[in-house]
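Have a look at the model first, then read on.

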Amino acid sequence: MKYLWIQLLLLVGTGSLVLMFVRRWDAAHTRAWKRMAFAAFVIANIYAVFRPQDVTWVANQLGVGRGTDLVLYLLVVAMAFMTLNTFMRFRSLEKKLTDLARAIAVNDGQRVNEGRFGDEHEASGVEVGQR
């Protein structure tokens, strides 16, 4: 009962994450492994809130002094993964955007050239590239 307020705060934070994730379940097109990883994170988070001494025990078994240090190390790894994942996603989106812009520019250029040279091309029988 000594840590009731912080436990309540942590559980409310976890609950809000779950609500946000579930509300965007269909819109996010989240892959199955990400859904399973998020579910495991939520379960581990709730367990760690109720049993912090077990986190310390796991940390000691892994050679880390305190449970908070173990949680910090895991958060650093998770943050690095998320940063890399976001970078790769932005890079992919930039490539798609560049390809789309090029396709639009080529199509617009063809349409403009057809408007300029379309009538002359049909009347003379000469291809535009041969001028």
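Predicted model: local features only at pLDDT ≥ 70, side-chain atom pairs only at ≥ 80, totals over all residues.

Numbering runs from 1 along each chain as its sequence is written, and side-chain values use heavy atoms, with hydrogens and water left out.

**Salt bridges**

- The structure has four salt bridges, each meaning a side-chain nitrogen of Lys or Arg within 4 Å of a carboxyl oxygen of Asp or Glu.
- One of them joins Arg-51 and Asp-54, whose closest N and O atoms sit 3.2 Å apart.
- Lys-95 and Asp-99 pair up at 3.1 Å, N to O; both belong to helix H5 and are four residues apart, about one turn of the helix. (Helices are DSSP runs of H or I, at least four residues, numbered from the N terminus.)
- In that pair, Lys-95 is exposed at 55% and Asp-99 is partly exposed at 37%.
- Arg-111 and Asp-108 make another bridge at 2.9 Å, N to O, again within H5 but three residues apart, about one turn of the helix.
- Here Arg-111 is exposed at 56%, with Asp-108 partly exposed at 35%.

**Largest pocket**

- The largest pocket holds about 2,000 Å³ of space, a volume being the space filled by probe spheres set on grid points that are joined across faces, edges and corners.
- A pocket here is an open set of points on a 1 Å grid over the protein atoms alone, where a 1.4 Å probe fits, with protein on both sides within 12 Å along at least five of seven lines; lining residues have an atom within 4 Å of a point.
- Its lining counts 42 residues, with Ala-37, Phe-38, Phe-41, Leu-75 and Ala-78 nearest the centre.
- H5 (67–124) is among the helices supplying at least two lining residues, and it gives the most, 14.

**Surface patch**

- Tyr-3, Ile-6, Leu-9 and Leu-10 make a nonpolar patch of about 410 Å²; patch residues have over 30% relative accessible area and no salt bridge, with nonpolar side chains (Val, Leu, Ile, Met, Phe, Trp, Tyr) joined within 5 Å.
- Leu-9 sits in helix H1 (residues 4–23) and is exposed at 58%.

Conventions:
Patch = residues over 30% accessible without salt bridge, like charges linked within 9 Å, V, L, I, M, F, W, Y side chains within 5 Å. Areas by Shrake-Rupley, 256 points an atom, 1.4 Å probe, with all protein chains shown as cover. Buried < 20%, exposed > 50% of the residue type's maximum accessible area, 1.4 Å probe, protein only.
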